[in-house]
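Please have a look at the sequence and the model before I go on.

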Amino acid sequence: MYNEVVYFDDSKYSGVRQLEVMRHLVSWVSLAVCMYGLNADLIPYLRPPMEEFPVPNCTFPFIYNEVTYHSCISVHSDYDWCSLDYYFQGRWRYCKAFDPPMCTFPFQFGKKYVYECTKEGYILNRSWCSLTDNYNKDKKWKQCSPYK
């Protein structure tokens with residue numbers, strides 16, 4: 001029987017494949033180190049590189065369902081989101097504290113100052129921040145992140 005090596009070069013997936021191969025290689029090398037008593041000090045250096053996925057910027061203003069928005073919205077969603085295109089074309093992402101409008105830290109809430117997003121006072125157990133330095137006076141706020 002004849003074994004033919006087929007090379008498949010699709011640059012769209014090559015980075016993902018390389019990372020997958022490196023992960024498998026690290027597993028095998030770690031196993032060999034354990035089985036044959038090789039220098040265990042090398043194991044920390046055998047980790048594959050971490051993948052970095054850039055977070056695309058929100059586009060402001062953007063148009064969704066013929067309405068222009070200048071900040072993140074929660075239309076048809078439990079969490080704030082933004083469009084990645086001027087005319088919404090299905091590309092979106094969840095908003096975070098650094099998206100416009102910007103959170104203001106520290107801000108006064110009740111009788112104390114808050115220095116990061118908080119869940120205090122929000123019945124849905126989601127994090128939020130003030131858009132001004134005095135939430136008590138202005139009552140302007142936004143959600144920080146759906147993940148916190």
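A disulfide, as I use the word here, is a pair of cysteine sulfur atoms within 2.5 Å. What we are looking at is a predicted model, in which local features need pLDDT of at least 70 and side-chain atom pairs count only at pLDDT 80 or more, while totals for chains, interfaces and linings use all residues. Residues are numbered from 1 along each chain as its sequence is written, and side-chain values use heavy atoms, with hydrogens and water left out.

By that rule we count four disulfides, and with the bonded cysteines counted along the chain, their pattern is 1-3, 2-4, 5-7, 6-8.

Let me begin with C58 and C82, whose sulfur atoms lie 1.9 Å apart. The torsion about their S-S bond is about -65°, so this disulfide is left-handed. Helices (H or I, at least four residues) and strands (E, at least two) are DSSP runs, numbered from the N terminus; C58 sits in the loop between α1 (11–36) and β1 (62–64), and C82 in strand β3 (residues 81–83), so the pair ties together parts that are 24 residues apart in sequence. Buried means under 20% relative accessible area, exposed over 50%, and partly exposed in between, with a 1.4 Å probe and protein chains only; C58, at 14%, is buried, and C82, at 0%, is buried as well.

Turning to C117 and C144, their disulfide has an S to S distance of 2.0 Å, and with -90° about the S-S bond the link is left-handed. C144 counts as buried, at 2% relative accessibility.
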